[in-house]
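Trainee: Could you take me through one part of this model slowly? I'd like a close look, in plain words.

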Amino acid sequence: MLRATLKSLLARKVRLVLSGLAVVLGVMFVAGSFVLTDTLSRSFDSIFSDVYSQTDVTVAGKAKVEIDELDGEPVPSNIPQSAITTVSALPGVAQARGVIAADGATMIGSNGKAVGSFGPPQLGENWMGENELTQLREGRGPTADDEIAVNVGLATAGKVKVGDQVGVLTLDAKQRMFTIVGTFGYSGDRDSLGGVNEVAFTEPVAQRLMLGEPGVFSSIDVRATDGTSPEALKQQVASALGADYTVRTGTEAAADDAQGLKSALGFFNNILLGFAGVALFVGIFLIINTFSIVVAQRTKELALLRAIGAGRRQVIGSVLTEAVIVGTIASVIGLGAGIGVGALLAFLASKFSGGLALAGLGVPPIAIIASFVVGLVVTVIAAVMPALRASRIPPIAAMADVATPDRPLTKITWIGGVLTAIALALLGVGLYADGGIMLVAGGVLLTFIGVALLTPVLSRPVVGLLGRIFSWSVPGKLGRLNSGRNPRRTAITAAALMVGIALVTGVGVIVSSAKTSIAGAVESVDAQLIIQGTQTGPRAPTFAPAVVDQAKAVPGVRDVVGVASDLATVDGEQQFVTSVTDAAPIPGIYGSTAVAGSISSQGPDQVIVNADAAKEHNWSVGSVLTVQLTRGAEHRYTVSGIAPTDKSIGEIMLPAAAMAEFTQPALSLGFVRLDEGTAVASVQPKIEALVADNPLVSVIDQDTFTQQQSGMLDQVLVMIQILLALAILIAVLGIINTLALSVMERTRELGLLRAIGLGRAATMRMITVEAVVISVFGALLGVVVGTGLGAAVVRALRDEGFTDLTLPWSTIVLYLGVAALVGVVAAILPSIRAARLNVLGAIAHE
Amino acid sequence: MEAAGRTVLVRPDHDLFTRGNQVTASDPVAARADDVWKVYGSGEAEVIALRGVSVTFQRGVFTAIMGPSGSGKSTLMHCLAGLDSVTRGEVHIGETRVTGLGDAGLTKLRRDKVGFIFQQFNLLPTLSAKENILLPLSIAGRKPDDAWFDTVIKTVALQDRLGHRPAQLSGGQQQRVACARALVARPEVIFADEPTGNLDSKSGADVLGFLRDSVKTYGQTIVMVTHDPVAASYADRVIFLADGAVVDELHSPTPDMVLDRMKKLDAPAEVTR
């Protein structure tokens, strides 16, 4: 039996290669993402163990605001000089040095533009001299207040050298000029540690600019005397300093710090795996189709096996064995390709992040296990239904030329209908009753399966209708009829394409609705100019609060409001808070009236919240909120007003004074309201001049602001389109597969058509029409399902600011166009094959 | 003319002109093979399917090609119809030289000058009977002649079956649709390859009768390959092939005469075995 299986497998290589390819692509994605994250996380490990290689014990102040890993880095409290004195005096301490290192030092390059970062921090620090890790490459360390040293990576990126005057932006968003007196690198001839940019000041300057107060440090670097273990020292330091400090050994700190990045990497990994999941889901359709067709073609052979005594189980076994073989081979190839893709992506990531030294390429066991499990499970699951069908072939089919009649579609239509209904219910609960993301994901998945099962019934009328477009020529008409010939096969091929198209369309609907909503929101604001930074790193660029006062003095300007934002602990919970320079102009700019209390003035101990936050936390005018900011002590604020949700600056708006205790005590957004009748163009240059010293910040009008916001959303959309292109590629393979099989099955028919005078070109046209009809049908389904899903999400998010539902018509038309093109491309090989058929051979074909 | 032995060249039979067919005297030849050789493979595996066959088919004549298995009768038909290329020699259909035509030329030839009826799988399952019949005309972009179409349909008695799909027709009906399709384009010559091979005797007789009528009444030229003496007896003329060469010929045959000849042909083959 196994022998027979192997023989028949070999006889149908091409078909199985095509279906195997779908598994290969999916497995490649899975293995690639594991290899990538493994390689990167080991690279991070090695960087942090380098960073802490000179440290036995490190002391940091406890962060005042706890921050979730994905929301950002917690900012530790500053450490006073007294703590260092305490630690220095402990027995077993050889040396205790105060370290200043904080994110947020941006150097302006020689071209006048800020040197950005795509993720690694931009550290501002105190120069602590050379050691085994840090080595001067040129010049010396800073000794005067206007001197800095920078790492070689930063100097290269900014095209600056020793002796140059450069501007540096720090915490307060003011540009200061420094002379570069030295450049430094790291052991192993590295120019940067994983792409981190470092600006080293003298200690007092670093304290003032990076920590905001003199005489404080961000951590203490402790060296043990010979014979004292880091663990023992850690205990001593911890008990000497008390509960306000976090004390860790160098090894622990390296592991902790690496862990933070690894969590972010894990999140990224999950996204990649999500897309791999979509690709494999689409692959299942392709495999089901291939195996179904293979079984249909093997009907006689399988019936013969039954007739000579093979049991039903043996027939099932035969088909499943085939699946296991295909799955295994595909997994091996996919794993190999995945390792390559993972290595390539890791290389790109290291280039992109400015020179992360990669640890050797590693293939973690999970990558291998996941590849085989996923590859095999997907293939075997997909082969189960065809195998069952194969086992129902009666032995008599071997003797008679039984044309297997198309089984009625009633049953699968019912199942499809029921599944779709369940899916809609899940989506409803998930989206409108806050049932959680898993319910929504499950609902989407089930929708696809349900609609896929309904597709055969839909295919008759829709394919017929679509085909009318092509019916003006004989080949077109034949192609249309062919595509309607096997509704199940057409349906499953089209459904595979549907999944990818539906997802991109759904995201497209959400994005376009978000864009219109943003545009609407921006237009409703009576602020003709907006001061805003172009984000180039993990933190939003800021500008000094003084700019607001200067802007107010510009003729033609009626009001200016500056907004700063941060994460804070409010009543024990992590919350997003804002602080505005002045609450008074806000009702005028937004055109808002208070829901309760007053929103047009705000005392130093008062907080204005929006209606949503008030409802959620049960706040009313007079409620008292306990707020802990990044710096300083806890404050108590009394709710003085409740603003309407869609016309408020954040959920919790603190008074202007709070800004000083934010992580970045500067503004990230400014609204400028002009006097009526004042030309925007006349004021814009004057405001621009005020922020001219900060190349990250610009003054833009409403249209530009909207475009910038939309641009970011468009980037997200493009990313998703690229990742889903894989799913669409697999669907294309499905179309090629289906067509190739159709051509093979209809060899005699093609021979007949050629015999009675159908030319080669016309034959190719016929196959192409069939492909285009199938792919456009799939895209149409995808567009309809995707629009429905997208619209449901937008409606559910109405309260979150999705005020408009906008359909991205041009992209939808584009997708349909692409689908038609996909059909044409998919038809190339099968149609060439059909056109090249030897007429005589085809007629004599058995 | 009987017992021509292994005559290579078969001369046209002139008394066929008197049968009242619509034959133009200017060019009475519908198809012609001149010294056609067909060799498959090379070296040890070389098989000579046709060895210098020369044969002429007059307009308005129903010719049957007979011969034992492997005699080359199907190969000859395929070469004549332009489905297969010849190794040597020349084939003409009407005034068109088939030998040397490229794919486009052959396609045009099949479209405009040749009709086919195969043993099985003759029709496109997706099209109705009427659409199948009109398919060659649609492919060629020609308008059907309504009167002629009605005549053909009446002859094959398919008036009430035109809307049916092939799957809804019996084997005999399907073959009559195939005949109608071949006829409706009024080709120079219709090639039929065992057209009754898959039919019961009643349906077979219907189809053969129809083919004969189309020759008698409308002057259609038909070349039919068969191994059934009864089928061959419907023809005006029977050509016998053996070992890739024309060995004999009969006019106005009866089944018994054909059977008799076939037996003679088989005999020497058995001796050599």
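Is Arg760(A) buried, partly exposed or exposed, and what is its relative accessible area?

Mentor: Happy to. Keep in mind that this is a predicted model. Arg760(A) has a relative accessible area of 36%, so it counts as partly exposed, because that label covers values between 20% and 50%.

Now look at what Arg760(A) is doing. Its side chain meets that of Asp103(B) in a salt bridge, at 3.5 Å from N to O. This pair crosses between chains: Asp103(B) belongs to helix α2 (residues 103–112) of chain B, and Arg760(A) to helix α21 (residues 760–796) of chain A. Why can such a pairing happen at all? Side chains of opposite charge can pair when their charged atoms come close.

The UniProt record, an unreviewed entry, lists residues 275–395 and 722–838 of chain A as "domain: ABC3 transporter permease C-terminal". Over residues 722–838, chain A is 84% helix and 0% strand, and the C-alpha atoms at the two ends lie 41 Å apart.

Let's step back to the whole contact between the chains. Between chain B and chain A there are three salt bridges. Another cross-chain pair is Lys477(A) with Glu131(B), where the closest N and O atoms are 2.5 Å apart. The contact takes in 23 residues from chain B and 20 residues from chain A. Together the two chains bury about 2,100 Å² between them, and carbon and sulfur atoms give 69% of that.

What about chain B on its own? It has eight helices and ten strands. Of its 273 residues, 54% are buried. Its accessible surface comes to about 11,900 Å², with 50% belonging to carbon and sulfur atoms. If you take the contacts in chain B with a separation of 6 or more, 70% of them are between residues 24 or more positions apart.

Ser128(B) gives you an example of that kind of reach. You'll find Ser128(B) in the loop between β6 (114–117) and α3 (129–140) of chain B. Its relative accessibility is 10%, so Ser128(B) counts as buried, because the cut-off is under 20%. Setting aside neighbours within four places in sequence, Ser128(B) touches Leu162(B), Gly163(B), His164(B) and Arg165(B). Ser128(B) and Leu162(B) are 34 residues apart along the chain, yet 6.7 Å separates their C-alpha atoms.

To finish, compare your cross-chain pair with salt bridges inside a chain. Over all chains, the structure holds 27 salt bridges. One of them joins Arg88(B) and Asp35(B), whose closest N and O atoms are 4.0 Å apart. That pair links distant parts of the chain, with Arg88(B) in strand β4 (residues 88–93) and Asp35(B) in strand β1 (residues 29–40), 53 residues apart. Arg88(B) is partly exposed at 48% relative accessibility, and Asp35(B) is partly exposed at 35%. In chain A, Arg248(A) forms a salt bridge with Asp257(A), with 3.7 Å between the closest N and O atoms. There, Arg248(A) is buried at 17%, whereas Asp257(A) is partly exposed at 26%.

Key:
Residues numbered from 1 in each chain as written. Chains lettered and ligands numbered in written order. Predicted model: local features only at pLDDT ≥ 70, side-chain atom pairs only at ≥ 80, totals over all residues. Heavy atoms only, no water. UniProt positions renumbered as here; feature names shortened; annotations may be inferred. Helix = DSSP H or I, 4+ residues; strand = E, 2+ residues; numbered from the N terminus. Contact = heavy atoms within 4.5 Å. Buried area = accessible area lost by both parts, 1.4 Å probe. Buried < 20%, exposed > 50% of the residue type's maximum accessible area, 1.4 Å probe, protein only. Areas by Shrake-Rupley, 256 points an atom, 1.4 Å probe, with all protein chains shown as cover.
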